[in-house]
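Q: I would like to learn how to read a structure like this one. Where do I begin?

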Amino acid sequence: MGGSTLRPLGGYIADRLGGVRVLSILLLLIAGTYALASLLLPIGFTGALFIVGIAFLGMGNGAVFQLVPQRFQRTIGVATGLVGALGGIGGFVLPFLLGSIKQTSGSYAAGWITLAIFAFVVLAVLRLLAALRASWRSSWATEAESTEIIYTQASGV
């Protein structure tokens, strides 16, 4: 629930700065937070890292949903359905993955490192997709401003 409450903030920031940019920053912060958590520092500090990591994940979710209608304009319903379904599966798989890694390795550290690496991989894929797909706009604000300029020029105002 904690991360979910910050989805609108992530979406708001993504609307202002661009979904790819915001999601890139958040993925970097998530990777760093979980890499630091893998050090298994004192419980108070590690607990705070978990809360911060969850906040970043929630904000990232808002940034993802800012990107979906930009990239999948003709299939928004299917795309948002898939994103939501994968999010639900991730919410189920994540605890299972962490528990399995703990049983196998004997430490939670390996699980947090795995999540940090996964965030870096997702960051690399996102940046690659953004570089290869010119159709991904940086923000809705950029499109709105350019539309307003065209309207103003056409109407002679």
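A: Begin with the surface: accessible areas come from the Shrake-Rupley method with a 1.4 Å probe, and for residues only the protein chains shown count as cover. Here the accessible surface of the protein comes to about 9700 Å², and 73% of that belongs to carbon and sulfur atoms. This is a predicted model, in which local features need pLDDT of at least 70 and side-chain atom pairs count only at pLDDT 80 or more, while totals for chains, interfaces and linings use all residues. Residues are numbered from 1 along each chain as its sequence is written, and side-chain values use heavy atoms, with hydrogens and water left out.

Q: How many helices and strands does the protein have?

A: Helices (H or I, at least four residues) and strands (E, at least two) are DSSP runs, numbered from the N terminus. This protein has 6 helices and 0 strands, so its elements run α-α-α-α-α-α from the N terminus on.

Q: What share of the residues counts as buried?

A: Buried means under 20% relative accessible area, exposed over 50%, and partly exposed in between (1.4 Å probe, protein chains only). Of the 157 residues, 29% count as buried.

Q: Which residues of α1 are buried?

A: In α1 (residues 7-17) they are Gly-10, Gly-11 and Ala-14. They lie on the same side of α1 because they cover an arc of only 100° around the axis; the arc is that of the directions from the helix axis to the C-beta atoms. The face turned away from that buried side carries the exposed residues Pro-8 and Arg-16.

Q: What do the buried residues of α1 pack against?

A: Contact means heavy atoms within 4.5 Å. The buried residues of α1 pack against α2 and α3. For the protein, among contacts between residues at least 6 apart in sequence, 69% join residues at least 24 apart.

Q: Is Thr-46 buried or exposed?

A: Thr-46, found in helix α3, counts as buried at 5% relative accessibility. Not counting residues up to four places away in sequence, Thr-46 touches Ala-37, Leu-40 and Leu-41.

Q: Where is Leu-40 found, and what is its phi?

A: Most residues other than glycine have a negative phi. Leu-40, in the loop between α2 and α3, has a positive phi near 50° and is not a glycine. Leu-40 is partly exposed, with a relative accessible area of 42%. Another positive phi, near 105°, belongs to Gly-18, which follows α1.

Q: What is the volume of the largest pocket?

A: On a 1 Å grid over the protein atoms alone, a pocket is an open set of points where a 1.4 Å probe fits, with protein on both sides within 12 Å along at least five of seven lines; lining residues have an atom within 4 Å of a point. Grid points are joined across faces, edges and corners, and a volume is the space filled by probe spheres set on the points. The largest pocket has a volume of about 1700 Å³. Of its 48 lining residues, the closest to the centre are Asn-61, Val-64, Leu-86, Gly-87 and Phe-118.

Q: Which helix gives the most to the lining of the largest pocket?

A: That is α4, with 16 residues. Helices α2 (19-37), α3 (43-71), α4 (76-105) and α5 (109-132) each supply at least two residues of the lining.
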